[in-house]
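Student: Please give me a close look at one part of this model, and spell out the cut-offs behind the terms as you go.

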Amino acid sequence: MQTRKKYIFLTFLASWLLLFFLGGDQLRRFTFFSARKAEVRRNWPLWTDRSLLKSFADPEELQRDGDPSLLSPRERRAAWLSIHRSSRCRMETCFDFSRCERHGFKVFTYPQERGQPISDTYSKILSSIERSRYHTPNPEEACLFILSIDTLDRDHLSGQYVRDVDEKIRGFPLWNGGRNHLIFNLYSGTWPSYSGDLGFDTGQAMLAKASFNTQSFRPGFDVSIPLFSKDHPQRGGDRGWLYQDSVPPQKKYLLVFKGKRYLTGIGSGTRNALHHIHNGKDIISLTTCKHGKDWEKHKDTRCDKDNVDYERFDYQELLHNSTFCIVPRGRRLGSFRFLEALQAACIPVLLSDGWELPFAEVIDWGRAAVMGSERLLLQIPSAVRCIHPERVLAFQQQTQFLWDAYFSSVDKIVHTTLEIIKDRLSPHRSRSRLLWNALPGGLLVLPDFSTHLGDFPFYYLQYAYNPSEKFTAFIRVVSQARSLSQPMVRLIQAVSGSQYCAQIVVLWSCEKPPPPSGKWPQSSVPLTIIQGSRKLSERFFPFEAIQTDAVLSLDEDTSLSTSEVDFAFLVWRSFPERIVGFPTQSHFWDPEQGRWGYTSKWTNELSIVLTAAAFYHRYYHSLFTEHLPAGLRELVDGLAACEDILMNVLVAAVTKLPPIKVTQRKQHKEGVAQQAECGDGAAGTPPPGQRSPSAPNSAPAKAKGTAGSRRFSQRQDCLNQLADWFGYMPLVSSQLRLDPVLFKDQVSVLRKKYPSLEKP
């Protein structure tokens, strides 16, 4: 028995030793790589990770609670800094926060020296900053400094390479070793290595650089920007190519590429292998050797055939008709192809290992692009075929949002860069990752207003928030009044009679004091008087007295009934991101004049709701005052009756939607106001008779020089100047009018909720 137990024990021992020697190494390697994968896991799938591919194709991923992609920028920066502990500079060590405490986030651009060469692209960047709300001409107020030296092209073989940069910047008294400076760069390095060296000592300056390598990128300090061409528009920019109901998710081609093939040097490996995935059917991969001066010296046996096939397809046609576009690295990590694919709604398939994607600190590229590996090129076709059509459509929609929000113009690229840096200064008030990756985008969501989604007009539907159930009536008064006029008294009584009115705020835009409290009509809601100036733009100042989400903007001579107010407010609660109101006007393109026209004729077309009687969200007051540059507000103050056009343009630019017209009890006719003017010739205050806020019926058809025609001409000039400033015409036309149920129907009055609306 003892011998038998001894043999059994030895057998088990031998089995364990055999398992350890033969399988232990594999087990240790599996544990090691699993731990490393957990450390470096990204928000997009790697082609070798099958578990991530399954969730990647899941269309419900975007709506899942607890999605790691919803981390705030501060949490992402903390994770990056824990990995990149060897980074030499961080905001905490190489940036002087004290410069930003007194005057806020202001940017100073160095004055250009006479005879100093500067490229058109860098001129656009400087112009974007100088036209923005960030700019200050006083260096003592500045938080951030931008060099006037063109540092975009640091390839010393380029004709735009600026020499002796080190010597020049050392002579700047504000340089301070680069502290609080931002340097823009698109091209770095030269043949054959194309390294990231800029050719001068950047010191402690931040870099806003294209083709950033993850090894040299300093997380939370530098900013990766896209590579864009010299023809990229200054502002506005072309819209994306994906229109509503215009194309199916699956297009003619599944995957395409058309571009240069490098025969030697860096970047040649990936592009030389692209021909392996070409099948001539739904996958088109075309390359040409015909570029450079000595291409024939290095050409191989494939070059002649490749050059012939290359000419058979049009590049723009491929972009239009393909679902996925391969975006391989070139000599540098980034390429123009990336932005071209985004605009075309062709989902980018990135083959550029080590590329720090543009604005990856705030943009979740896993929702708009597919991250591939240069070493696993042959797996790309099968991987993209597995993506569900619903997910494909979600990708395409996200490409259009990102293109329009951050990349369609130089202005947006520069402003996104500055806003990312601004968020770093106040991490507790920084925009969440969700705000950056959902409409209308991070540039149009001001964290100084709020960081709670429910306080903005854009997220009610998606996240089940509701706007407030009350509104604030905001009445602007410009006329002298020892005693209030009858229209003003009737307006206050009608508005205060609404069951949804929380308060009435009167903006007294007159130098003479308002009537005493005893002269104002009795009201069932609080009435607050604010002493204002004569600036028209002050109408949309974010006054603290406005406590509700909804604002009913009124002029003193507007004529409304309580039923009209109640119905319009209920309509606004269904469309809180839009302007909802009564008097409407429209714009049109005049081909003979080559400019935008403006009309107030009664037609079925509308694109403007006058803020003389309109509901909108109070957040637009903050956008109007804090987001728009001072130059636009000065334009409004200098032209009569321009402020309501600018508000409509602003809301349309944010939402891409038209305003909504609601039922009017009667047509308001244009007439001459009987009130006296606040002052004589006050700047921005129209003379008597030029303000008829509740009269949108017909354009003046009188002789030139009359008050009406001058006002009409000023509004048309205002419209064209705003279109020039924005770089495009943001206004959206509509033929929609909303009426109550049973409005004008031949049924009993008792069945109608607003019978008074039908009375003449």
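Tutor: Cys386 is exposed, because its relative accessible area is 61%, whereas Cys501, at 6%, is buried. Here buried means under 20% relative accessible area, exposed means over 50%, and partly exposed lies in between, all with a 1.4 Å probe and on protein chains only. Please keep in mind that this is a predicted model, in which local features need pLDDT of at least 70 and side-chain atom pairs count only at pLDDT 80 or more, while totals for chains, interfaces and linings use all residues. Residues are numbered from 1 along each chain as its sequence is written, and side-chain values use heavy atoms, with hydrogens and water left out.

A search of the whole structure finds 5 disulfides, a disulfide being a pair of cysteine sulfur atoms within 2.5 Å. With bonded cysteines counted along the chain, their pattern is 1-2, 3-4, 5-6, 7-8, 9-10.

Let us take one of them, Cys100 with Cys143, whose sulfur atoms are 1.8 Å apart. The torsion about its S-S bond is about 65°, so this disulfide is right-handed. The pair links distant parts of the chain, 43 residues apart, with Cys100 in the loop between helix 4 (91-94) and strand 1 (107-109) and Cys143 in the loop between helix 5 and strand 2 (144-146). Helices (H or I, at least four residues) and strands (E, at least two) are DSSP runs, numbered from the N terminus. Cys100 counts as buried at 10% relative accessibility, and Cys143 is buried as well, with 0%.

Turning to the sheet, 5 strands form an open sheet in the order 9-8-10-11-12, with parallel pairing; two strands pair if DSSP finds at least two bridges between them. Strand 9 (283-288) and strand 12 (370-371) stand at the edges with a single partner strand each, so one side of each has no neighbour in the sheet. Strand 8 (residues 253-260) runs parallel to strand 9 and is joined to it by 6 bridges, and Gly259 has Thr287 of strand 9 as its bridge partner. Helix 9 (residues 303-310) packs on the sheet, touching strand 8 and strand 9, and its direction makes about 120° with that of strand 9. Contact here means heavy atoms within 4.5 Å, and angles run from 0 to 180 degrees between N-to-C directions, with axes being lines fitted to C-alpha atoms, for helices over the stretch in contact.

Cys289 is buried, with a relative accessible area of 1%, and Cys303 counts as buried at 0%.

Cys325 is buried at 3%, and so is Cys346, at 0%.
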